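Hi,

Here is the structure I promised to send over.

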Amino acid sequence: MEFNISPLGDHGAIIDLGKTIDEESHERVKQVTAFLNDKPFDWLIEYIPAFTTVAVFYDPVKVMDQKDKPSALPYEIVRATIKKELPKLGVGEKRQGRVVEIPVCYGGDLGPDLTQVANHNDLTEEEVIELHTAGNYLVYMIGFAPGFPYIGGMKEEIATPRKEEPRLSIPAGSVGIAGSQTGVYPIETPGGWQLIGQTPVRLFKPDQEPPSLLHAGDKVVFKAISRSEFDAYKEEQS
Amino acid sequence: MIKVLKPGLLTSVQDLGRTGYQTYGVIASGVMDPAAHRIANLLVGNREDAATLEITLSGPVLEFQEDALISLCGGDLSASIGDKQVKPWRPVYVKKGSELRFGQAKEGCRVYLAVAGSFNVPEVMESKSTYLRAGLGGFHGRALKEGDELTAQELSEAAAKIKSFLQKQAGGEALVSMDWHVASEFIPVFKEEQPVRVIKGRQYELFKKESQEAFFFEPFQIGSKSDRMGYRLEGPKLQLDKAQEMISEAVAFGTIQVPSNGQPIILLADRQTTGGYPKIGQVASVDIPVVAQLKPGEKARFQEISLEKAQQLYLEREKSIQQLAQGIRLKLKEEVR
């Protein structure tokens, strides 16, 4: 496994595992994340995986507590430890990620920008829905907001630039498009994505462990549902 | 029990943050000024990571419905009870029925109120911090409002002793302060154009030479839209040498990122977990409290510090806080002997 390590302030290090957003970088990120998830080091506070990187946060005091090299500083010890451990991970077998189905009610007041996405791409609204449900989606990372998935694999035919003026408030569950990315807003937040629909499923569940429905590495299938199915689902949840 | 008579601008329950959940996109939250928070807790016999009230600029009016042992650390927001000033950086006994109020923000931006026993709010994802935007943690997931009632948990043995000792001394007075306070090395010094030590960021080298220089030589003003998520700075426009798309990656407490408008943002307690803007710098951990105490309109000047030096200072600071903790424990024991 090829990688670079550089500091992120005096408590963190970023492990670079690739130059472009693709499945190979993603596999490496997943491997490193799986390794860190087993809490291999006392000094590890937490880690944040992204498209091509994994950031590691450490406690400098704990690093120094267990060191046998008194002259080295915490970052150097952390760096040396990671450098020694990562190559042992090998290439390994690709683990099959989970497949998570997300029901979406497209258009209408739940997807106020569906028309705009259709017009922008010279498509009908039905065609946009068909293309959006036909994507081969992979969750690359969770970030921006709790449980917010960065999803790759959307069909280019429905790519649409962000709105010029971001909305001040977007309801939780909104499914949107920004450029050639698609995503779902887990909590109410401001944002500039084109909203094409809404899911009744909760992506962020603070009372559950883990609190995020989706994890990096999951495959996602969007399934079109009717307004009455959406309402029924909502009803069931409350 | 403490009753909120007036909430103030932004008063929320915070601790040292929600660690371990950033991998799910859950922001860390927690106090803006970890040093003041930790010391405030130590002074009343709490664990340093216990929950405190973070009080911002224009403070609340709080009614103590029971006798309490408290401390106030951080900025000077003119705290008083009756016609008496509440002295900061030391244990203070407050009599039942007293009203703690705040006035003008003389120095600094936030002050931490610790109560012996700490605040009795549920843990959400292993933390008592309030995550305002998601409406979770802390006191019902929000800033305090008029009429809220906060309760404290049971006092530590040392705190209970010191409280009854001061209670006797008070002889009916509304408050008694210890006549000692923590050493001045822990108390922030406020300056115009506050120096803030910064480590070069991961993308520092991608900025134009003039921008690299301006970053370390020109002052930056804290913009009015600054909040717990980040301080928006106003100053010379910082530009990349060549425009390029960055791939989103993790950010940290104190990361200074530069969006395309060229005006840097210091990411703070309520920062998002990841960001896609180039990082020009990273505030040294020992200077996070300095940044947290800057008010909108005030200015900061960034001074370069090496990673090695920043880590050395951090280790030294931690050692002296541990010594302070021990010193306070001894002091509290001595007083009641």
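**What I found**

Chain A exposes about 11,200 Å², with carbon and sulfur atoms supplying 48% of that area (Shrake-Rupley method, 1.4 Å probe; for residues, only the protein chains shown count as cover). Please keep in mind that this is a predicted model, where local features need pLDDT of at least 70, side-chain atom pairs count only at pLDDT 80 or more, and totals for chains, interfaces and linings use all residues. Residues are numbered from 1 along each chain as its sequence is written, chains are lettered from A and ligands numbered from 1 in the order in which they are written, and side-chain values use heavy atoms, leaving out hydrogens and water.

Chain A has 6 helices and 13 strands (DSSP runs: H or I of at least four residues for helices, E of at least two for strands, numbered from the N terminus). Its C-alpha atoms fill a box of roughly 65 × 35 × 35 Å along the principal axes. Of its 238 residues, 53% count as buried (under 20% relative accessible area; exposed is over 50%, partly exposed in between, with a 1.4 Å probe and protein chains only).

On to the cysteines. There are 0 disulfides over all chains, a disulfide being a pair of cysteine sulfur atoms within 2.5 Å. For B:Cys73, the closest cysteine sulfur is in B:Cys109, 16 Å away, which is too far for a bond. B:Cys73 is also buried, at 0% relative accessible area, and A:Cys105 is buried at 5%.

Best wishes
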